[in-house]
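I wrote them in the order in which I went through the structure.

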Amino acid sequence: MTALNISGLSCQYDQTTVLSNLDLQVEDGEIVCLLGRSGCGKTTLLKAISGLLQPSAGSISLHGREVSSARGTLPPEQRSIGMIFQDYALFPHLTVFHNIAFGLKDLSRKDTRKRVEEMLELVNLSGLEKRYPHELSGGQQQRVAIARALANNPSLLLLDEPFSNIDSQVRQRLVREIRDILKQQKVAGLFVTHSRDEGFAFADSVAVMHEGKILQRGRSFDVYNRPANRFVAEFMGSGNLLPCEIINSRTVSTPLGLVESSKEIAAKPGQVAELFIRPQMFSIEKCQCENPADPAQIKSQQFMGTNLRTEVKLKESILVVENSIPFPESTAVELSVQPHDLVLFDQKGHSL
Amino acid sequence: MLKKALIALSATGLMAASAISQAAEVVNVYSYRQPFLVEPLFKEFTKDTGIEVKVVFAKKGLSERLEREGKLSPADLVLTTDISRLMNLVNKDLSQPVKSKTINEDIPSQFRDPDGEWFALTKRVRNIYTTKRSDKPEGITYDDLADPKYKGKICTRSGKNAYNVGLVASYVANNGEEATREWLKGFKDNLARRPQGNDRAQVKAVKEGVCDLAIGNSYYFGAMMANEEQRPWAESVYINFPDQKGNGSHVNVSGMVLTKYAPNKDNAVKLMEFLAGDKAQATYAEVNMEYPVNPDVPVSDMVASWGEFKSDDLPVYKLAENYATAQKLLDEVRFDL
Amino acid sequence: MKHVPTAQANVHTPLSQTESGKARSISRQGLSIYWRAGSWLLALLLFTPVLALIYEASAPTGEIFAHLRNTVLGTYILNTVLLISGVGILGLILALPAAWIMANSEIPGKRYLQWLLVLPLAMPSYVVAYIYTDLLEYAGPVQRLLRDVTGWESAADYYFPDIRSLGGAIIILALVLYPYLYLLARTAFMEHSQSQILASRLLGCSPISSFLRVSIPMARPAIITGLALMGIETLGDFATVDYFAVPTLTTAVYDTWLGYGSLNAAAKLSAIMLVVVMLLISMEKYSRRRQQLYQKNTGQDHKKASSLKGWKKALALFWCWMLVSLGFLLPAMVLLDYVFRYFSDSWNIELLTYSLNSLKVSLGAATFATLVALFLGLYQRLQKSRFSSIPSRLVSTGYALPGNVLAIGVLTPLTLSDHGLNGIIMAFEYPPVGLVFSGSIFAIIFAYAVRFSAVAVGSVESSLGRVSPSLDMASRTLGCTPSEMVRRVHIPMVRKGLLTGFLLVFIESMKELPAALLLRPFGFESLATWVFQFVSDEKLEQAALAALILVLAGLVPLILLNRSLEAEQK
């Protein structure tokens, strides 16, 4: 069943349109990552879903029940939604125990205690229930927030940049842990972030958002490798844009020479386009030729941990390439592109 | 939450409202006069009649309060310290006439309104006190205050004080606006310091050598003599009654007005009669060292010791008429600045 | 943020049974209509006195204004400006070093100094003015000693500055008002992180220049707030400037009202002062907007106060103890001395009643003002429309008016209500109930609420401002209705702010004078009215005991206030 169904949603904020005609679905148990730069409307969308904001058009349904439309909105407390915040939003005047028990209303004292203990165990914080939020580390606070949000068995969990205040060493582990918790509890999640690495690690699928619209939605692997347009391509990771001309359904001509595609190209021969190549799709070899006509030269190299980030000067332009072999500066090299499913954009930046 | 807030708010209101009480035989007084001056009189009145006197004292705003309270006002009687406030109440139509033979017999006609809207109770003279470091000056006049020979030698309280405005108003009535302006300019030039403090503080300043002349009401001299700490101040000065060869010394009055909607009118009239009667007038004379308006009541021995004097026979209501002009002139010459 | 225009929209839409059930819950999305209407009504209620004065001010005033302008108004305005800026500057000089010392260094007795420095706030300024005049005037002990030592004989032999002057008024007011600035600046200095100070030191700043170039600019919003409070209190002061014979705009208000008999012109002048204060308040608001940003950025590091040594320690001790002595200890000792010497004069069994009256009125006013502040503060937070801050602003205007003028303003709506109520009751042929509102202590409580709500509103607002908006979303998504959220999250979190507001209003109400003088019911005497009666008659000695009780009654809430502000740091 669809946990969240948003159709044609528009929202205004002080007369400026923040969301326009937006569609989004999240299935039961699915974790969707909403990726976008700050100011793209992510937080507004979360507010609309949680019921703090009235849409001007369109509708939001939770498990088939319409909760928001231009006619009215169901108040947040009746939606059974959990929410996790960047600043954790723990109540500083309550202990961990009472924070988690905050939303548990209809349970007896004993059941409440049992539920809180379960939740603490779930997030690996057993024994800390008497602490106050300021006595915990950031990661611990966020885990309390997760426990608090999940205690009520929400049908949907909204996560608003939950990891951005957490140390990078802890972050990776926490992301995985929390993903496991959500999966174990079979909760649908909508996760908002500007960091694609977090998105990849946390979500089943991503939706790239820009200026109040969703540009592309799909499995992260697909969105990365088959971006719908230039914005999505660049947002998902760096790459090089090369002018090219379609030769035939498998080949394009570029300043690097002819490049082959592993899939058929949906464009007519002779059409001019832009080829988007991710840095890791190149191979570099030391130039064997004595006197190459147009040599590519190593401009600089920097070790990034796994691979080297190499800048290659090719005629007037600089290409960014990822490889594993160090070269001295100014080495003349030969660049080739590994055959793959080529990403081509037309003049307007749309994928061909 | 809302309910709690409302309950708390209305509880505050109720608590306040319950503070109102009603007594059987009372008379309610709004008094501009200070408590220690009139409270002994009220005690005496209650002793005589069994009528309780309830008072609100304030130096400012009582007439505005009375005006706004209108028909609902609990006040029966207003006591004031000078004529301008009496007239002010009458002009705002906050008073009602009293026809009491007793009062009219006690208070001479120049000290009451022909229609009985207001009555004066005591006379107070605006004296000039001079230092005993030099001889008592002969025939000192208010005009002398502007005489350059006293340059830097005079102390007074603020020109805006009702007593001083009254004095200036009488000067305007007697000499006209132009002459008053010139007089005030000279007066101001003679001041030893910026006008400040009350009347007694001026006498104290003479004692301390800050100045040689001080302006002050007559009864304060008596009050100082009665106060152990202040007696040395009073003993350091001569009390002079100005203008004995001219118009006579400036006299202002304290007085009373029956309010238009007095709920306890009978009791109030009784109090008025009491205040005009011999007993109260004697108290005014003996305790407050004022000059009673009732001619049958003698002044106190101490007041008598200051000697007979001639008072300005300007009708007191004339003071009120010139009050605004006096105020204006005081501002024009920047008397207090 | 747009809010749901309640249920009407749904009424016209043909909806199924279940959806009309939804419609009801939908109408709860924003604040309930009662709350919204209540906020506006409450604000308007507290605004009526100002409204009444504006109405008075709109009447023609003839030549009085032109006359005033041509004669004394310029000097009055100049005096006012000099007084306010003088008090502000002296306040800065006195309070900032003390605040910085208390926030950043360890000196002996710091535990006590921290709250001792606040105590001058408990001293009514007119009492301090009286005491210093008594000490420093010609006949006072200081000049007497001077004459004995030097052999000078009279005032003509030497120069001694006149305490009853503009300068004197500035000194006295600065001495009793500096704690406002001290409290706010200390809080701000404590919030600065060690790393910021360290950074400035590493960049070559000496401690002094680090104080001037880093600490002060960072604390600027708090400093401006403190200055605005001092300015407003100074502008509203009448007793002190009157005692010192320094004519200011407040004097002009009384002159026009009482001297020229024109309440209209007086109201007009008050309206001008109102504008000045509104400017001060918006300055304060503006600076606080910045302050929020600052507070978000502060790190968690708790810095350690460095302990001072040698001449620095001596200087710091001297400075703090000088403030405490001049602003509190010395006047308090003089009062105590009066009490011993004039005990039989100042002892009066009625004092108990007066104390209870003061307490009753002040507690009532503080409760009223705090509830108003909470109600309107929450309205402003929860009803996020462009106009939702207006009620709080309306309520704050009363702070701007001199007490006596405000009292007249208060009389108008209260007597109107009395007339209305009695009219209704009499229409049903019951006997009239009389002046229920204007003739009871309700009038004083109401007047204080009008005058001091601004203080409570400010305190609650800044405290609510620190509650992150995400807490609202968190509690709503965890199943709280707006009113549950208020009860379970907001109120517990702004408790300190409520307490601060309550205590400040309480202290101010204990000292307040002119409104109490005019509005009191028959036979009502409070400590302040009792004391002032003697001060104005230049014999404070005889009311020394009452004055001392007044000061002591202010001490307890002040110490509590200081403790609550300190706890907020942790």
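In which helix of chain C is Trp311(C) found? I located Trp311(C) in helix H16 of chain C, which covers residues 310–341, and I kept in mind throughout that this is a predicted model. I then looked up its accessibility, and Trp311(C) counts as exposed because its relative accessibility is 63%, where exposed requires over 50%. Trp311(C) also belongs, with Leu315(C) and Phe318(C), to a nonpolar surface patch of about 400 Å².

Next entry: aromatic pairs. I searched the whole structure and noted 25 aromatic pairs over all chains. For Trp183(B) and Phe187(B) I wrote down ring centres 5.6 Å apart and planes at 40°, so this pair is tilted. Both residues lie in helix H7 of chain B (residues 177–189), where they are four residues apart, about one turn of the helix.

I went on to Phe221(B) and Trp306(B), whose rings form an edge-to-face pair, with 5.5 Å from centre to centre and 80° between the planes. This pair links distant parts of the chain, 85 residues apart: Phe221(B) is in helix H9 (residues 218–226) of chain B, while Trp306(B) is in the loop between helix H13 (301–305) and helix H14 (316–321) of that chain. Phe221(B) has 7% relative accessibility and therefore counts as buried, and Trp306(B), at 12%, counts as buried too.

Which residues do ring pairs link into a cluster with Trp183(B)? I noted Tyr171(B), Phe187(B) and Phe335(B) as the residues that ring pairs join to Trp183(B) in this cluster.

Next entry: charges over rings.

Last entry: Ile84(C). I placed Ile84(C) in helix H5 of chain C, residues 73–104. Leaving out residues up to four places away in sequence, I listed Gly231(C), Thr234(C) and Leu235(C) as the residues that Ile84(C) touches. I also looked up how Ile84(C) lies relative to Asn562(C): the two are 478 residues apart in sequence, and their C-alpha atoms are 26 Å apart in space.

Conventions:
Residues numbered from 1 in each chain as written. Chains lettered and ligands numbered in written order. Predicted model: local features only at pLDDT ≥ 70, side-chain atom pairs only at ≥ 80, totals over all residues. Heavy atoms only, no water. Phe/Tyr/Trp six-rings, centres within 6.5 Å; stacked < 30°, edge-to-face > 60°. Helix = DSSP H or I, 4+ residues; strand = E, 2+ residues; numbered from the N terminus. Buried < 20%, exposed > 50% of the residue type's maximum accessible area, 1.4 Å probe, protein only. Patch = residues over 30% accessible without salt bridge, like charges linked within 9 Å, V, L, I, M, F, W, Y side chains within 5 Å. Areas by Shrake-Rupley, 256 points an atom, 1.4 Å probe, with all protein chains shown as cover. Salt bridge = Lys/Arg side-chain N within 4 Å of Asp/Glu carboxyl O. Contact = heavy atoms within 4.5 Å.
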